[in-house]
Amino acid sequence: MSGATVPHDVMPGAEPFAFPGGDGPDGRTGVLLVHGFTGTPMSMRPWGEHLATEGFAVRCPLLPGHGTRWQDCNASTHDQWTTTVEHAFDELAAVCDRVFVAGLSMGGTLATRLAEVRPDDVAGLLLVNPALLTQRLDAKLLPVLARFTPSWAPIASDIKKPGVTELAYPKLPTRAMMQLRGLWAATRAELGRVTAPVIVFHSVEDHVVEPVNSTILLAGVGSTDTTEVLLEDSYHVATLDNDAPRIFAGSVDWIRERVGAGESPGAGSPAAGTR
């Protein structure tokens, strides 16, 4: 799937997934879902299942170095991640008239990066707590930490809803984190190339990705159609949290509005959204 071989030792529940489009009017619209750093497609599956139930074609790849052992992540690169996302996009585009890209955290970074390098192809971006930088104090020590230790404290399962756990690595791979920093820098530098419609769902309280990331993204993109939705009852992994139903229903409405308005891939809507 997604132009890459899935490792045999993938954790149960971390597998990539895909759903064909339905027979209705949404069947020719694809939605590519991209999971976050140290996470897996498990964090995106409820969203994907909701979109599939509504009739959209859906695909969610497993990013290289993820879903197996955290040590594998340290051997992966941001070029491998972006290539996997691009291959998955092309697979959906081959069977759809238009493809929207949705991402959580680093998945939001990768979705944005794809819209930068292929502005005429991406029909729209749906981002949940997208990451472009971090203000964490320990991040300043990362270049040194990465030289001397392969792992650090985990960032997974920042979820407000009781009893919900994200399937993700129990440690933060420091060398892979350096790759993520490189991806952040490249993406921040070319935000203005994004011309597709953008909707950003971001949590008011997020212990992994500070809300300022969404502010920077919305201020930097070249899109004329931008929408900001505040999530007041979720932490970072909002796709598994209390606000998940709001994200799922809102994303369906948002996509249908833009397809119905005759949006061409990569073109901004004439009417500006709410910031």
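This tour goes from the whole chain to a pair of helices and then to a pair of rings.

**Stop 1: the whole protein.** Keep in mind that you are looking at a predicted model. Show everything as a cartoon, and look for eight helices and nine strands. Of the 275 residues, 53% count as buried. Now think about contacts with a separation of 6 or more: 80% of them in this protein come from residues 24 or more positions apart.

**Stop 2: two helices.** Next, select residues 78–93, which form helix α3, and residues 106–117, which form helix α4. Their axes come within 10 Å and cross at roughly 65 degrees. Because angles of 65 to 115 degrees count as roughly perpendicular, α3 is described as roughly perpendicular to α4. The crossing of α3 past α4 is right-handed.

Which residues make the contact? Show side chains for Trp 81, Thr 82, Val 85, Glu 86 and Phe 89 on α3.

**Stop 3: two rings.** A search of the whole structure finds four aromatic pairs. One of them is Phe 17 with Phe 19: their ring centres are 5.5 Å apart and the planes stand at 40 degrees, so this pair is tilted.

Conventions: Residues are numbered from 1 along each chain as its sequence is written. This is a predicted model: local features need pLDDT of at least 70, side-chain atom pairs count only at pLDDT 80 or more; totals for chains, interfaces and linings use all residues. Side-chain values use heavy atoms; hydrogens and water are left out. Rings of Phe, Tyr and Trp (its six-membered ring) pair if their centres lie within 6.5 Å; planes under 30 degrees apart count as stacked, over 60 as edge-to-face and the rest as tilted. Axes are lines fitted to C-alpha atoms, for helices over the stretch in contact, and angles run from 0 to 180 degrees between N-to-C directions. Helices (H or I, at least four residues) and strands (E, at least two) are DSSP runs, numbered from the N terminus. Angles under 35 degrees count as roughly parallel, over 145 as roughly antiparallel, 65 to 115 as roughly perpendicular and the rest as oblique. A crossing is left-handed if the near helix is turned anticlockwise from the far one by less than a right angle, and right-handed if clockwise. Contact means heavy atoms within 4.5 Å. Buried means under 20% relative accessible area, exposed over 50%, partly exposed in between (1.4 Å probe, protein chains only).
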